[in-house]
Amino acid sequence: MSAVLNTPPAAAPANDTVTQARELTDGFHLVIDALKLNDIDTIFGLPGIPITDFTRMAQAEGMRVISFRHEQHAGNAAAAAGFLTRKPGICLTVSAPGFLNGLTALANATTNCFPMILISGSSEREIVDLQQGDYEEMDQLAIAKPLCKAAFRVLHAQDIGVGIARAIRSALSGRPGGVYLDLPAKLFAQTMDAEAGKHSLIKVVDPAPRQIPAPDSVERALALLKGAKRPLILLGKGAAYAQADADIRALIEKTGIPYLPMSMAKGLLPDTHAQSAAPARSYVLAEADVVMLVGARLNWLLSHGKGKTWGARPKQFIQIDIAPTEIDSNVAIAAPLIGDIGSCVSALLGGIDSNWARPPADWLGAIAERRDKNLSKMAATLAQNPSPMNFHSALNVVRELVKKHPDAMLVNEGANTLDFTRSIVDMYEPRKRLDVGTWGIMGIGMGFAVAAAVTTGKPVIAIEGDSAFGFSGMEVETICRYNLPICIVVFNNNGVYKGTDVNPRGGDVAPTVFVKNARYDLMMQAFGGVGVHATTPAELKAAMDEAIASGKPTLINAVIDETAGTESGRITSLNPQSAATKK
Ligand code: ADP
Ligand code: TPW
């Protein structure tokens, strides 16, 4: 949309006394039009100088503007939206402090390979560069640069189209990531001829071009797979992001190779699939001879591809990734397959015919044996009903609920709450699970939940440690304000990890301990949502069923035994003391 302004053309001759009505547009509208032209219809943000009017105008122009209570959560929402939709999620903030609040989310998005664009208003360059003390002065572009994939600043209205196009292309092409776009206050009010403005905008053609793998690299990978006696496929969140679901499933089923999903790849194939080796994870990682990574990095989450986790048996790796520099980052990769996952998997499928020999029966049998043993052990634990509730008895309720509602989105953070949910709650559909990702970052909860609700329209279940929830808890107001179908379950065990630490000197409580018996459910009630206090699995089930049926914003304070769980959950060994003792 352009504004009709009764302004004389800037280039009008001085002696021209006729004031012509001319259609002009401005920076505000050019940014909105450029985003809309590229099918971006939602902005997550927080208003203030210099972007308040922009948020109003965007809404008036038909964009969905979701206003948060803190920029970090708006940024997390943008990142999750990017992961779910393969369009860059947009986070909009004010200058310096708002920008910095959004920056954690931008860095986290980049770390996780999620496409997002952080757009921040900024102070005037002339004043910033001379450090003359402008309102919220900061050299934001310089600060953002090392923390994201690309960073741009637009100074002239006629460059807005290029700026947005470069931001979109940078976020989506190759390995996706976070992009920073700096828009100084003065830019928004700049005017230009509406027609010229329209022509200056760019509709990005093919923003994430397919990258076809080289035929010889496909041959190499197939040869290695074919010769394997104990093959394993590892699916990562890159595979989930790629949206090549049918081909990935075909590859696994046609080869008969057992697979392990990383946390956010759960559900790419249903966790109950016969070839899932998740219940025999330690065994397959230690014993496999050929491991094919599909959109997963050999980082700390996979013990860097070496050490005890990977056992003594020599391994050869095939790695499918769009980023060539990822290869050999931790251990030697025998068969790199560089390209987009869709193209790589379909090329591999081209080499797999009906004569393909399925993996040896002794390998599949050994996995099945361990899987069955571990599953029946798990079933026995889940069948217990201790008082107070522990992680298992509470998560058994969540597990059954997700089985009944496989299209629901699941957001998950905490330490024990994260680890237990990941292993107990089966996922059935791709891209339904959002969690703390590569950094193991706390605070993604409410931002991810809002994005999940807004972008999918499906019910959202957020399983939150009580500490984890605290990082973004104020966004329950946002959830109520937009009346989103989000059911938050706070696993309340009175503290970080547990609630039982004691300060040996008396006085202040221990650093990991919170107010005992806190009532998080009342926070939701404060904003008109449904708050429920649940102390048994039956109460938890009733409240969750009701939340899913009603679609009302709900927070369930699930009281968990404060002695349950372990320090840092499954990664206790990364605490410096334990790490030092190990050496
Ligand atoms: P996980 O934590 O699930 O193991 P990671 O985030 O470590 O997953 O790895 C994801 C990998 O997927 C990254 O190395 C990234 O470059 C890659 N990736 C992301 N999207 C694609 C794609 N469309 N095609 C190929 N590789 C991709
Ligand atoms: C941004 C460190 C890892 S897990 C965690 C913290 C503070 C909370 C664990 O307690 P919670 O879960 O949520 O009650 P549970 O189930 O064990 O009781 N700051 C950031 N990120 C991280 N990861 C931390 C701190 C941390």
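This is a predicted model: local features need pLDDT of at least 70, side-chain atom pairs count only at pLDDT 80 or more; totals for chains, interfaces and linings use all residues.
Which residues line the largest cavity?

**View 1. Lining of the largest cavity.** The lining of the largest cavity consists of Pro-459, Val-460, Pro-485, Ile-486, Cys-487, Ala-547, Ile-548, Gly-551 and Lys-552. Two or more lining residues come from each of strand E18 (486-492) and helix H22 (537-550). Sorted by class, the lining comprises 7 nonpolar, 1 polar and 1 charged residues. The space in the largest cavity amounts to about 40 Å³. The count of cavities of 30 Å³ or more is 1.

**View 2. Surroundings of Thr-417.** Thr-417 belongs to helix H17, which covers residues 416-424. With a relative accessible area of 3%, Thr-417 is buried, because buried denotes a value under 20%. Leaving aside residues up to four places away in sequence, Thr-417 is in contact with Phe-391, Asn-412, Ile-463, Glu-464, Gly-465 and Phe-491.

**View 3. Residues around ligand 1.** Ligand 1 is surrounded by 19 residues. The closest of these are Arg-175, Lys-237, Arg-297, Asp-321 and Ile-341.

**View 4. Polar contacts to oxygen atoms of ligand 1.** Arg-175 places a polar side-chain atom 2.8 Å from an oxygen atom of ligand 1. For Arg-297, a polar side-chain atom likewise lies 2.8 Å from an oxygen atom of the ligand. At Gly-295 the contact involves the backbone: a polar backbone atom of this residue is 3.4 Å from an oxygen atom of ligand 1.

Note on methods
Residues are numbered from 1 along each chain as its sequence is written. Chains are lettered from A and ligands numbered from 1 in the order in which they are written. Side-chain values use heavy atoms; hydrogens and water are left out. On a 1 Å grid over the protein atoms alone, a cavity is a set of points where a 1.4 Å probe fits but cannot get out, and a pocket is an open set with protein on both sides within 12 Å along at least five of seven lines; lining residues have an atom within 4 Å of a point. Grid points are joined across faces, edges and corners, and a volume is the space filled by probe spheres set on the points. Helices (H or I, at least four residues) and strands (E, at least two) are DSSP runs, numbered from the N terminus. Ala, Val, Leu, Ile, Met, Phe, Trp, Tyr, Cys and Pro count as nonpolar, Asp, Glu, Lys and Arg as charged, and the others, Gly among them, as polar. Buried means under 20% relative accessible area, exposed over 50%, partly exposed in between (1.4 Å probe, protein chains only). Contact means heavy atoms within 4.5 Å. A residue is near a molecule or strand if one of its heavy atoms lies within 4 Å of it. A polar contact is a pair of N or O atoms within 3.5 Å; within protein, one must be able to donate a hydrogen and the other to accept it, and residues adjacent in sequence count only if both atoms are side-chain atoms.
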